[in-house]
Amino acid sequence: MAKTMIWETKMDVALARAKAENKPILLDFFNPG
Amino acid sequence: MDAVTYPDERVMEFIQKNMIPLRVAFDAQPLSTDFNIKWTPTLITLDSNGKEHHRTVGFLPPEELIPSLLLGIAKSHYNGERFNEALSVLDKIIVEYPKSDSAPEAVYLRGVCKYKSTHKPQPLKEAYEQLQANYSSSEWTKRAYPYRLL
């Protein structure tokens, strides 16, 4: 089990993974402060 | 979200297993404009073509985030007319997270999915009856109110 969340940071990479792994994307717009 | 929800092991496991997590700053262009971002956190469920299916704005605790993400996954199936897949996810929300804020919408959408897959109105009436019995003050009970007459 992962101990920290591993986020993608590029949309094109996330889309490619989503297609390859047949999963939806959770897109989180956050305030880095 | 970083202090409470994302470090939760149930949340982390759910997201890593079921979704591709993508995080960008609220002002990152062109995504901020493309998705009309006005506040944070804004969480959006996208399909593998980048099409939006579900959105929430504001903090969600772990016990609300997981059913909310499940609702987004269910809507992605529903919008793609994969009703059996949508029903499977909606049932999971209703059974495993019945007290969550996502549950009433899941009951409503389950009725709609069943109607669309069978073309019979009875599931819509059953959805209203379940909403009235379990979530009488929910906006989704109000939205289902006409179905009592079916």
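Predicted model: local features only at pLDDT ≥ 70, side-chain atom pairs only at ≥ 80, totals over all residues.
1. Five of the six residues of β1(A) are buried, so this strand is largely enclosed by the rest of the structure.

2. What does β1(A) pair with in chain B? Strand β1 of chain B, residues 20-25, is joined to β1(A) by six bridges, and the two run parallel. Strand β2 of chain B, residues 42-46, is joined to β1(A) by five bridges, and here the run is antiparallel. Individual partners can be checked in the viewer. Leu26(A) has Pro21(B) as its bridge partner in β1(B). Leu27(A) stands opposite Leu22(B) in β1(B). In β2(B), Leu46(B) is the bridge partner of Ile25(A).

3. The interface as a whole. Chain A puts 27 residues in contact with 33 residues of chain B. About 3,200 Å² is buried between the two chains, 66% of it on carbon and sulfur atoms. On the chain A side, Met5(A), Leu26(A) and Phe29(A) lose the most area to chain B, together 26% of what that side buries.

4. Polar contacts and composition. The rule finds 18 residue pairs in polar contact across the interface of chain A and chain B, with both residues at pLDDT 80 or more.

5. How many salt bridges cross the interface of chain A and chain B? The rule finds one. Asp28(A) pairs with Arg23(B), the closest N and O atoms being 3.0 Å apart. The pair crosses between chains, from strand β1 of chain A to strand β1 of chain B. Asp28(A) is buried, with a relative accessible area of 1%. Arg23(B) is buried as well, at 13%, because the cut-off for buried is under 20%.

6. Arg23(B) has a further salt-bridge partner. Asp2(B) forms a salt bridge with Arg23(B), with the closest N and O atoms 2.9 Å apart. This pair links distant parts of the chain: Asp2(B) sits in the segment before α1 (9-18) of chain B, 21 residues from Arg23(B). Asp2(B) is partly exposed, with a relative accessible area of 47%.

7. Salt bridges within chain A. Glu21(A) forms a salt bridge with Arg17(A), the closest N and O atoms being 2.9 Å apart. The two are separated by about one helical turn, because they are four residues apart in helix α1 of chain A. Glu21(A) is partly exposed at 34% relative accessibility, and Arg17(A) is partly exposed at 24%. Both belong to a network of salt bridges that also links Glu8(A) and Lys23(A). Over all chains, the count by this rule comes to 11 salt bridges.

8. Is Ser100(B) buried or exposed? Ser100(B) is buried, with a relative accessible area of 6%. This residue lies in the loop between α4 (83-96) and α5 (103-118) of chain B. Its side chain reaches the backbone oxygen of Tyr97(B) at 2.8 Å. Leaving out residues up to four places away in sequence, Ser100(B) touches Glu63(B), Glu64(B), Pro67(B) and Ile93(B).

9. Arg143(B) lies in helix α7 of chain B, residues 139-144. Arg143(B) is partly exposed, with a relative accessible area of 44%. Arg143(B) and Lys114(B) are 29 residues apart in sequence and 17 Å apart in space, C-alpha to C-alpha.

Terms used:
Residues numbered from 1 in each chain as written. Chains lettered and ligands numbered in written order. Heavy atoms only, no water. Contact = heavy atoms within 4.5 Å. Buried area = accessible area lost by both parts, 1.4 Å probe. Salt bridge = Lys/Arg side-chain N within 4 Å of Asp/Glu carboxyl O. Polar contact = N/O pair within 3.5 Å; in protein donor to acceptor, adjacent residues only side chain to side chain. Pairing = 2+ DSSP bridges. Buried < 20%, exposed > 50% of the residue type's maximum accessible area, 1.4 Å probe, protein only.
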